[in-house]
Amino acid sequence: MLPWIYGFNWNAGHIIFLGAFYMVLAALVATVASAAIRSRRALRMDQAEAIRWHSDFESMPACDQVCRHVLTGEFQSRQCPHAFDCRECETHAKLIQCHPLPRVEEPEEDVFGMAFPLDRFYHRGHTWARLEKDGTVLVGLDELGARLLGRPDALVLPKPGDRVHANGAAFHARRRDAEVRVVSPVDGEVVETGSAERGWYLRVKPTSNDAKTFRHLLRGAEIKPWIQREMERLQLALTAEGAAPALADGGVPVSDIAAAYPAADWDAVCGEMFLEG
Amino acid sequence: MASVDKEFITRGLRRSSTGRFLLWILPWVALLVFGLYSAGLCLVKGLNQTNMDNRFAFGLWIFLDLTVIALGAGAFFTGFLLYILKIDELRSVINSAVVIGLVCYSGAVTVLAVDVGQPLRSWFTFWYPNVHSMLTEVTFCISCYLTVLLIEYLPIVLRNRKLHDVPSFLVFEHELHKLIYVLAGVGTFLSFFHQGSLGGLYGVLRGRPFAFREGLAVWPSTFFLFILSAAAVGPSFILLTTWLVEKLSRKRLVRPTVFRRLARISGLLLAVYVLAKAVDTLVWINRTSPGTGFQAWQYYSWKPFGTWILFAEIVVFGLLPALVMLTPRLRAHTGWLVTAAAMACCGVALNRFVMTVQTLALPTLSFDPYLSYYPSWQEVGTFLAVVAYGVLVYSFSFRYFNLFPEERELRLEAAAQEEEELALAGRY
């Protein structure tokens with residue numbers, strides 16, 4: 001059947017079969033080679049973290065991929081098409097232009113006994129970013145994130161000079177059997193590392209300081225409905241992971257939730273809450 | 001005993017303890033070892049270890065090959081429906097379908113290698129192909145499609161929790177997955193042809209009037225019937241295996257709507273197949289077979305291959321499951337669905353058995369005897385090795401890879417329902 005093989009003839013049947021066979025082989029080789037070349041390019045362009053985030057986002061249940069405007073009641077249902085990166089979203093840009101968020105007078109939002117200061121922006125992976133006077137951005141864990149991790153058994157922070165990417169890993173924490181990747185709310189270069197005691201973990205020099213830098217993050221009046229929804233998600237995750245339902249309406253989460261549920265699969269709960277697939 | 005391999009298991013998925021898993025795989029490993037010993041005997045000592053001979057050259061192994069390749073068609077067909085026809089609902093079973101396809105095809109190729117023998121010369125089939133044999137097309141297509149399945153399996157493996165932590169694996173998996181529609185297209189093209197060629201292989205046997213068929217141009221009708229039957233039972237086998245895995249693991253893995261969609265597709269294709277098969281049989285009885293000097297009833301006078309086998313193949317394991325899967329009221333019950341899917345799979349196995357074993361058993365010359373064939377223990381052992389290999393590959397894949405992407409979501413939904421019920425009952 002091959003040209004150098006006994007029995008091969010230059011007739012239509014042999015040529016069609018041979019052509020089809022070689023086309024198939026060429027398509028397979030081209031597919032794998034193309035994937036390899038594109039991977040190499042993506043690694044060189046430092047896109048691994050963005051790809052990881054997209055992969056994590058895709059593996060999230062559809063009900064967890066809801067648009068922020070569903071949280072505030074502007075939409076009844078809408079799945080986020082941009083992996084929570086509202087910087088790319090035209091709908092979000094139009095909505096905030098037409099319907100600016102209502103002002104919240106209090107300096108912080110108190111939800112289920114947890115304080116969420118409103119001088120900062122929140123990522124849906126439970127980190128916050130606060131713009132400092134010197135132009136740097138402080139990155140920390142929000143109150144719910146801090147209670148989920150309690151006192152981490154181990155913490156791996158990036159070194160000053162390392163780059164972090166919005167939606168990429170800011171730092172890693174381990175609590176019980178849970179290895180958690182905590183997402184960075186902003187792009188930039190780490191200039192200093194902090195600790196739980198200092199109330200923040202990273203000081204980042206952002207790549208840019210324009211209005212778009214924080215556009216994907218939640219703020220002001222969005223915080224309360226978001227945390228209310230997060231508490232429902234937490235309750236669901238705890239029930240699914242073998243913890244008896246214990247968050248009655250009006251209750252306040254304990255300061256170390258992990259310690260309160262020794263039987264729960266904490267790895268799964270943290271994966272759910274910190275948006276890690 | 002807790003899972004010592006927990007960090008390799010997809011986050012949020014519940015799997016049995018390592019001890020229980022080892023207990024589950026132990027008998028399959030034993031069966032695999034026995035099967036490998038049997039296959040080794042055949043490879044070392046030759047085909048005298050089997051009950052096949054020059055007259056009865058196709059036996060249990062070819063029957064097994066044809067059956068698993070037909071059942072494994074779910075991989076290409078689900079890929080075709082999902083990536084080409086964009087039936088997004090099937091995303092929840094595509095990974096499982098790929099693993100099943102891989103198991104079926106690699107198992108078939110392994111058994112073929114034992115059957116053909118001389119594994120060190122396996123490359124001869126590519127370098128010195130017999131240009132007049134349909135088997136050449138089959139060999140080319142199956143080996144190419146097995147390569148496609150291996151490439152399709154790669155992203156599933158690279159999505160393993162530990163491997164996903166390696167940036168180059170993560171990025172390669174992502175980029176490869178973006179091109180998966182190319183693989184789906186190539187897979188469909190290859191499957192279409194080799195399923196057809198396997199059928200055509202029998203249809204062109206002029207010396208075997210029981211199998212010989214007329215057709216279109218160079219393709220006998222069996223070429224099209226094999227494609228159609230494989231496409232029809234592929235989704236049924238996916239349905240059946242998914243249900244079985246749900247029962248064994250005691251977990252909900254897909255939504256009931258996915259079962260119903262698979263059943264509808266399978267039922268529709270099966271109905272078309274039954275119609276085509278019935279027409280083909282009528283043409284064969286009234287024209288093709290008498291044209292070769294045999295009346296069709298003569299074939300069925302050799303017991304145990306009476307007309308019951310034809311009735312069972314077309315009506316019991318063809319028409320009935322098709323009707324069940326096409327009736328919305330019956331489709332709504334999982335029990336009916338699973339029974340119908342199992343019947344459809346048995347139907348295709350029976351068809352491949354008839355084409356392989358009955359064809360060769362029937363005498364075609366006046367001095368020919370009616371032949372009986374029973375596989376030797378070495379043949380059975382090799383057959384069992386493929387079954388054990390399939391179970392092991394699937395078990396490991398189910399444990400360490402995310403075969404059913406909706407599994408986690410379904411568990412959260414079940415938890416939400418549990419909470420709602422507790423709230424309604426006034427527990428809190």
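Analyst: Chain A of this predicted model has an accessible surface of about 13,000 Å². Carbon and sulfur atoms hold 55% of that surface.

User: What makes chain A more spread out than a compact globule?

Analyst: First, its make-up: eight helices and 11 strands. The globule rule gives 19 Å for 277 residues, and the radius of gyration of chain A is 24 Å. That is well over the rule, so chain A is more spread out than a compact globule. Along the principal axes, its C-alpha trace spans about 85 × 45 × 40 Å.

User: How much of chain A counts as buried?

Analyst: The share is 50% of its 277 residues. Buried means under 20% relative accessible area.

User: Which share of the contacts in chain A joins residues 24 or more positions apart?

Analyst: Such pairs make up 59% of the contacts with a separation of 6 or more. As for charge, chain A has 31 positive and 38 negative charges, and their mean positions lie 6 Å apart.

User: Why is A:Ser55 called buried?

Analyst: Its relative accessible area is 5%. The cut-off is under 20%. The value falls under it, so A:Ser55 is buried.

User: Where does A:Ser55 lie, and what does it touch?

Analyst: A:Ser55 belongs to helix α2 of chain A, residues 48-59. Setting aside residues up to four places away in sequence, A:Ser55 touches B:Arg159 and B:His164. Contact here means heavy atoms within 4.5 Å.

User: Now chain B. How do you know whether its radius of gyration agrees or disagrees with a compact globule?

Analyst: Set the value against the rule. For 428 residues, a compact globule would have a radius near 22 Å. Chain B has 23 Å, so the two agree. The C-alpha trace of chain B spans about 80 × 50 × 40 Å along its principal axes. Its secondary structure consists of 17 helices and two strands.

User: What are the burial, contact and surface figures for chain B?

Analyst: Of its 428 residues, 56% count as buried. Take the contacts between residues at least 6 apart in sequence: 77% of them join residues at least 24 apart. The 35 positive and 26 negative charges of chain B have mean positions 3 Å apart.

User: What makes α3(B) mostly covered?

Analyst: The count does: 10 of its 12 residues are buried. Among them are B:Phe76, B:Phe77, B:Leu81, B:Leu82 and B:Tyr83.

User: How do you know how the reach of helix α3 of chain B compares with the expected value?

Analyst: The helix runs over residues 73-84. From first C-alpha to last it reaches 16 Å. At 1.5 Å a residue, 16 Å is expected, so the reach is close to expectation. B:Lys86 follows α3(B) and has a positive phi, near 60°.

User: Why does B:Ala184 count as buried?

Analyst: Its relative accessibility is 4%. Buried requires under 20%, so B:Ala184 qualifies. This residue is found in helix α9 of chain B, residues 180-203.

User: Which residues is B:Ala184 in contact with, leaving aside neighbours within four places in sequence?

Analyst: The partners are B:Gly79, B:Tyr83, B:Ile84 and B:Glu152. The buried residues of α3(B) include B:Gly79 and B:Tyr83. B:Cys141 is 43 residues from B:Ala184 along the chain, and their C-alpha atoms are separated by 14 Å.

Terms used: Residues are numbered from 1 along each chain as its sequence is written. Chains are lettered from A and ligands numbered from 1 in the order in which they are written. This is a predicted model: local features need pLDDT of at least 70, side-chain atom pairs count only at pLDDT 80 or more; totals for chains, interfaces and linings use all residues. Side-chain values use heavy atoms; hydrogens and water are left out. Helices (H or I, at least four residues) and strands (E, at least two) are DSSP runs, numbered from the N terminus. The radius of gyration is taken over C-alpha atoms; the globule rule is 2.2 Å times the number of residues to the power 0.38. Buried means under 20% relative accessible area, exposed over 50%, partly exposed in between (1.4 Å probe, protein chains only). Lys and Arg count as positive and Asp and Glu as negative; His and the chain ends are not counted. The place of a charge is taken as NZ of Lys, CZ of Arg, CG of Asp or CD of Glu. Accessible areas come from the Shrake-Rupley method with a 1.4 Å probe; for residues, only the protein chains shown count as cover.
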